[in-house]
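Dear colleague,

Please find below the structure that I am handing over to you. My notes on it follow directly after the sequence and the model.

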Amino acid sequence: DMQMFHCLTGNRAVIDAEAHKAGARVVESVPRVYTCGRLIKLDGRWGQWVMLGDSEKNATHVWVPFLGSHQAINTAIVERICHELNKANFPVSELDFQEGLSAVKFPGRFEIIGGNPLTIRDGAHNPAAAEALALTLDEFSAPRPRTLVAGLLVTKDAEGFLAAMAPAIDRVVATSSPHPFSRTADDVRRI
């Protein structure tokens, strides 16, 4: 919650200005969200159960096909948006909300693509995304040793990215891509 709050407060003036230009109002809400902290496979897809509400007793349980506490917070934000849409006479039923979330495909975001060894594809490309990835690896007890295969762009904060990932990984395999802004594998290794 605090990471999301910090992120939003740093951009509050921009958010207010954009809302004003669009004739919209800003709705503030502190998401109340709980996760089970376990990988769950449902209909062949990995995900997690998220409980939304002010307590476990009064919670709505939603299965979402994306993982991590940051994604649970995003789910709570979507629920709040649906609530605001309903208040504005744009109906979104509870069933629509749950079916919509369960249908989301989010390739490259903590995407489990192999099981033995556990292989996860994630397109994290900045320090904040790396922090979320590192936290998610720990939340779901990804087995150690952990190997990061890293290909990084010169336009991104590679040092910050790798520093954020460092506590969650045991070794790095440096690589490059054919992208014109790709760092060479040697550049990545030197970082």
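Phe110 counts as buried, because its relative accessibility is 7% and the limit for a buried residue is under 20%. Please bear in mind that this is a predicted model. Phe110 is located in the loop between helix 4 and strand 5, and its phi is near 45°, a positive value in a residue other than glycine. Most residues other than glycine have a negative phi, and most peptide bonds are trans.

Asn89 belongs to the loop between helix 3 (69-87) and helix 4 (94-102). With a relative accessible area of 67%, Asn89 is exposed.

The bond from Asn116 to Pro117 is cis, with omega near 5°, and Pro117 sits in the loop between strand 5 and strand 6. Arg144 and Pro145 are likewise joined by a cis peptide bond, with omega about 0°; Pro145 is part of the loop between helix 5 and strand 7.

**The hairpin**

Strand 5 (residues 111-115) and strand 6 run antiparallel and are joined by 4 bridges. A hairpin of 2 residues links the two strands, and Gly115 stands opposite Leu118 in strand 6.

Thr136 lies in helix 5 (residues 127-139). Its relative accessible area is 1%, so Thr136 is buried. Leaving aside residues up to four places away in sequence, Thr136 touches Leu67, Gly68, His70 and Phe110.

Helix 6 (residues 158-165) is mostly covered, with 6 of its 8 residues buried. The buried residues are Ala158, Gly160, Phe161, Leu162, Ala164 and Met165. Their cover includes helix 5, strand 7 (147-151) and helix 7 (185-190). Apart from neighbours within four places in sequence, Phe161 is in contact with Ala124, His125, Asn126, Pro127, Ala130, Leu148 and Leu152.

In soluble globular proteins, nonpolar side chains tend to be buried together. Here the largest nonpolar core has 23 residues, and those with the most contacts inside it are Leu133, Leu137, Leu148, Leu152, Phe161 and Met165. At least two residues of this core come from each of helix 5, strand 7, helix 6 and helix 7. Helix 6 supplies the largest share of this core, 5 residues. There is also a second, separate core of 10 residues, which includes Leu52, Val62, Val64 and Ala72.

**The second largest pocket**

The second largest pocket has a volume of about 780 Å³. Its lining is made up of 29 residues, of which Ile120, Arg121, Thr147, Leu148 and Val149 lie nearest the centre of the pocket. Strand 6 (118-121), helix 5, strand 7 and helix 6 are the elements that give two or more residues to this lining. The largest share of the lining, 5 residues, comes from strand 7. By residue type, the lining divides into 18 nonpolar, 6 polar and 5 charged residues.

One residue links two of these topics: Leu148 is among the residues with the most contacts inside the largest nonpolar core, and Leu148 is also one of the lining residues nearest the centre of the second largest pocket.

With kind regards

Terms used. Residues are numbered from 1 along each chain as its sequence is written. This is a predicted model: local features need pLDDT of at least 70, side-chain atom pairs count only at pLDDT 80 or more; totals for chains, interfaces and linings use all residues. Side-chain values use heavy atoms; hydrogens and water are left out. Buried means under 20% relative accessible area, exposed over 50%, partly exposed in between (1.4 Å probe, protein chains only). Contact means heavy atoms within 4.5 Å. On a 1 Å grid over the protein atoms alone, a cavity is a set of points where a 1.4 Å probe fits but cannot get out, and a pocket is an open set with protein on both sides within 12 Å along at least five of seven lines; lining residues have an atom within 4 Å of a point. Grid points are joined across faces, edges and corners, and a volume is the space filled by probe spheres set on the points. Ala, Val, Leu, Ile, Met, Phe, Trp, Tyr, Cys and Pro count as nonpolar, Asp, Glu, Lys and Arg as charged, and the others, Gly among them, as polar. Two strands pair if DSSP finds at least two bridges between them. A nonpolar core is a set of buried Ala, Val, Leu, Ile, Met, Phe, Trp, Tyr and Cys residues joined through side-chain atoms within 4.5 Å.
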